[in-house]
Each structure stands twice: as structure tokens, then as C-alpha cells.
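Notebook open, pencil ready. Here is what I looked up today, entry by entry.

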Amino acid sequence: MLTLLDRAANLYGLPASILRPVRGGHFSRAYSYTRHEKSYIFRITPPNDDINLARMLTVLDWTDFLTEHGAPVPRLVRSQQGSLLEVLEQDDGEYLVVVSE
């Protein structure tokens, strides 16, 4: 059976083995990885009262808009399905997966 991390990494065409835990994810699980000489942050946000799907989508849409208009914000990476955000269902709720440069 695949772990949550394996399932999340698969959404972006990554092996979970390249993801390295980083500190400072606040309530999210944060990982880093390097691919094609670029560094990335891979974030998995567990179910909680502060961030839900609608709030996260609002933040990501705004961040993507800023990036497209030249603002110095992290560039978001789309999943293999072309999404800025992926949702993984678990018994305890929805986990939100986001990757940025």
C-alpha cells in the first residue's frame, strides 16, 4: 500500500525518495527536492480549521496571477493533471498538495 507521501509525489511524477523534509512548514508537511538544477518546495497540508480547499485555491490563484504579471513570488508547479493544487482523500479528511519553485 502506498503512503500519503508516495501518492502525493506520484501526482507530480516524482519518486517520494527524492523528497527531503524541511523545517518551517507551520502546520504543513514541507519537503524540498532538486530537479533539472532547480530547487522546489513540496507541501502537504493536512485537514485543519485554518486552511481548507477554497481558501487554498484563493491563495494559489492570487499567487499564480502575481507570478504571471512579474511579481517576485514563488512560481507554482502544476501537477501531471495540470492543476495548481491536488487533493488526496484520507480517512481523516482532505490533504492539499502544492509544489512551488
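**Entry 1: the largest pocket**

Which residues lie nearest the centre of the largest pocket? I found Arg43, Met56, Val59, Leu60 and Val98 there, out of a lining of 20 residues. Before going on, I reminded myself that this is a predicted model. The space in the largest pocket comes to about 300 Å³. I keep one general idea in mind here: rolling a probe the size of a water molecule over the atoms shows where empty space is left.

Next I asked which element gives the most to the lining of the largest pocket. That is H2, with 4 residues. Strand S3 (38-45), H2 and S6 each bring at least two residues to the lining. I also sorted the lining by class and got 10 nonpolar, 7 polar and 3 charged residues.

**Entry 2: the whole chain**

I stepped back to look at the protein chain. Its secondary structure consists of 2 helices and 6 strands. Reading from the N terminus, I wrote the order down as α-β-β-β-α-β-β-β.

How does the radius of gyration fit a compact globule? For 101 residues, such a globule would have a radius near 13 Å, and the protein chain has 13 Å, so the two agree. The C-alpha trace spans about 40 × 35 × 30 Å along its principal axes. Of the 101 residues, 35% are buried. I looked at contacts between residues at least 6 apart in sequence, and 50% of them join residues at least 24 apart.

**Entry 3: confidence**

The mean pLDDT of the protein chain is 93, with 99% of its residues at 70 or more. Where is confidence lowest, and where is it highest? The lowest is helix H2 (residues 53-68), with a mean of 93, and the highest is helix H1 (residues 4-11), at 97.

**Entry 4: two serines**

I picked serine 32 and found it in strand S2 (residues 29-35). Serine 32 counts as partly exposed because its relative accessibility is 23%. Leaving out residues up to four places away in sequence, I listed its contacts as Ile18, Leu19, Arg20, Val22, Tyr40 and Ile41. I also noted a pair: serine 32 and glutamate 101 are 69 residues apart in sequence, while their C-alpha atoms are 9.6 Å apart in space.

Then I turned to serine 100, which sits in strand S6 (residues 93-100). Is serine 100 buried or exposed? Serine 100 is buried, because its relative accessible area is 13%, and buried means under 20%.

**Entry 5: the loop between S2 and S3**

Last stop, a loop. Histidine 36 is in the loop between S2 and S3, and glutamate 37 has its place in the loop between S2 and S3 too. What is the phi of histidine 36? It is positive, about 50°, although histidine 36 is not a glycine. Glutamate 37 is not a glycine either, yet has a positive phi of about 65°.

I finished with accessibility. Histidine 36 is exposed, with a relative accessible area of 72%. Glutamate 37 counts as exposed at 81%, since the cut-off for exposed is over 50%.

Conventions
Residues are numbered from 1 along each chain as its sequence is written. This is a predicted model: local features need pLDDT of at least 70, side-chain atom pairs count only at pLDDT 80 or more; totals for chains, interfaces and linings use all residues. Side-chain values use heavy atoms; hydrogens and water are left out. Buried means under 20% relative accessible area, exposed over 50%, partly exposed in between (1.4 Å probe, protein chains only). Contact means heavy atoms within 4.5 Å. pLDDT is the predictor's confidence in each residue, from 0 to 100. On a 1 Å grid over the protein atoms alone, a cavity is a set of points where a 1.4 Å probe fits but cannot get out, and a pocket is an open set with protein on both sides within 12 Å along at least five of seven lines; lining residues have an atom within 4 Å of a point. Grid points are joined across faces, edges and corners, and a volume is the space filled by probe spheres set on the points. Ala, Val, Leu, Ile, Met, Phe, Trp, Tyr, Cys and Pro count as nonpolar, Asp, Glu, Lys and Arg as charged, and the others, Gly among them, as polar. The radius of gyration is taken over C-alpha atoms; the globule rule is 2.2 Å times the number of residues to the power 0.38.
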